[in-house]
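Subject: Structure for your review

Dear colleague,

Please find the structure below, with the sequence alongside. My findings follow directly after it, and I would be grateful if you would read them with the model open.

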Amino acid sequence: MVTIKDINNVKSLKDVDELVQICRRCILYKTKISDVPGDGNSKASILFIGEAPGEKEDLVGKPFVGRAGKLLDFLFSKIKLKREDVFITNIVKHRPPQNRKPAKEEIKACMLYLKSQIEIINPKLIVLLGSTALEVLFPKKKISKEHGKFIRKENNLYLSLYHPAAAVYNAKAKNILIKDFKKINDYKKYL
Ligand code: URA
């Protein structure tokens, strides 16, 4: 069992999960129902990063289990990728009330968990789902320009995609997302 003192000495995904459970670094713990640290394969080659848990995720304690998650599952099936082979997380690990965007200070407070997850999993490809994930890692970049493009930074390879939630009711965005998603299978060319 980790304690808050272990925050700079995180060794496993289980440590991250336990620290998220006791986290008081921002106000989101006050309104959350569940902790949503992330889910999937600890040895995954591909790590997906969304924005924040929504209502369903907050109830279930897992990322992308609502409407956007259904679309993500459909996208996985299109490229024959299995959810259990990848790891999925979010920029912030607790649901912002009313599904508002996470505030700057909430993102800042939560970053150490994401950093630890990236270090522990050491994925070959990091897929950024939507503008929040992209702009946190690449503050000057815009999703409208970057979607479908690979970016290399400090030994990590990234691919940015439109957020599945933005594509649920928008046929044009969905078609772009389907097309961009297929590029995931090309990542080895960029290693
Ligand atoms: N949207 C996200 O960004 N993350 C989730 O887990 C669900 C919806």
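F64 counts as buried, because its relative accessibility is 6% and the cut-off for burial is under 20%. The residue is found in the loop between α2 (55-60) and α3 (67-78). Its phi is positive, at about 50°, although F64 is not a glycine. Please bear in mind throughout that this is a predicted model.

F64 is also one of the residues that surround the ligand. Sorted by class, the shell comprises 3 nonpolar, 3 polar and 2 charged residues.

On the backbone side, an N or O atom of E51 lies 2.7 Å from an oxygen atom of the ligand. The side chain of N90 places a polar atom 2.7 Å from a nitrogen atom of the ligand. In the side chain of H163, an N or O atom is 2.8 Å from a ligand oxygen atom. On its own the ligand has 230 Å² of accessible area, and the protein covers 91% of this.

The side chain of T89 makes a polar contact with the side chain of K93, at 2.8 Å. A further polar contact, at 3.4 Å, joins the side chain of T89 to that of Q117.

The C-alpha atoms of L28 and K93 are separated by 8.9 Å, while the two residues are 65 positions apart along the chain. L28 is placed in the loop between α1 (13-21) and β1 (39-40). With a relative accessible area of 2%, L28 is buried.

A109 and C26 are 83 residues apart in sequence, and their C-alpha atoms are 6.3 Å apart in space. A109 is found in helix α4 (residues 104-121), and it is buried, with a relative accessible area of 8%. For I184 and D85, the separation is 99 residues in sequence and 14 Å in space, C-alpha to C-alpha. I184 lies in the segment after α8 (171-181) and is buried, with a relative accessible area of 1%.

Finally, I would draw your attention to N155. Phi of N155 is near 75°, a positive value in a residue other than glycine. Where does N155 lie? N155 is found in the loop between β5 (150-153) and β6 (156-161). N155 counts as exposed, because its relative accessible area is 74% and the cut-off for exposure is over 50%. F64, which also has a positive phi without being a glycine, is by contrast buried.

Yours sincerely

Terms used. Residues are numbered from 1 along each chain as its sequence is written. This is a predicted model: local features need pLDDT of at least 70, side-chain atom pairs count only at pLDDT 80 or more; totals for chains, interfaces and linings use all residues. Side-chain values use heavy atoms; hydrogens and water are left out. A residue is near a molecule or strand if one of its heavy atoms lies within 4 Å of it. A polar contact is a pair of N or O atoms within 3.5 Å; within protein, one must be able to donate a hydrogen and the other to accept it, and residues adjacent in sequence count only if both atoms are side-chain atoms. Accessible areas come from the Shrake-Rupley method with a 1.4 Å probe; for residues, only the protein chains shown count as cover. Ala, Val, Leu, Ile, Met, Phe, Trp, Tyr, Cys and Pro count as nonpolar, Asp, Glu, Lys and Arg as charged, and the others, Gly among them, as polar. Helices (H or I, at least four residues) and strands (E, at least two) are DSSP runs, numbered from the N terminus. Buried means under 20% relative accessible area, exposed over 50%, partly exposed in between (1.4 Å probe, protein chains only).
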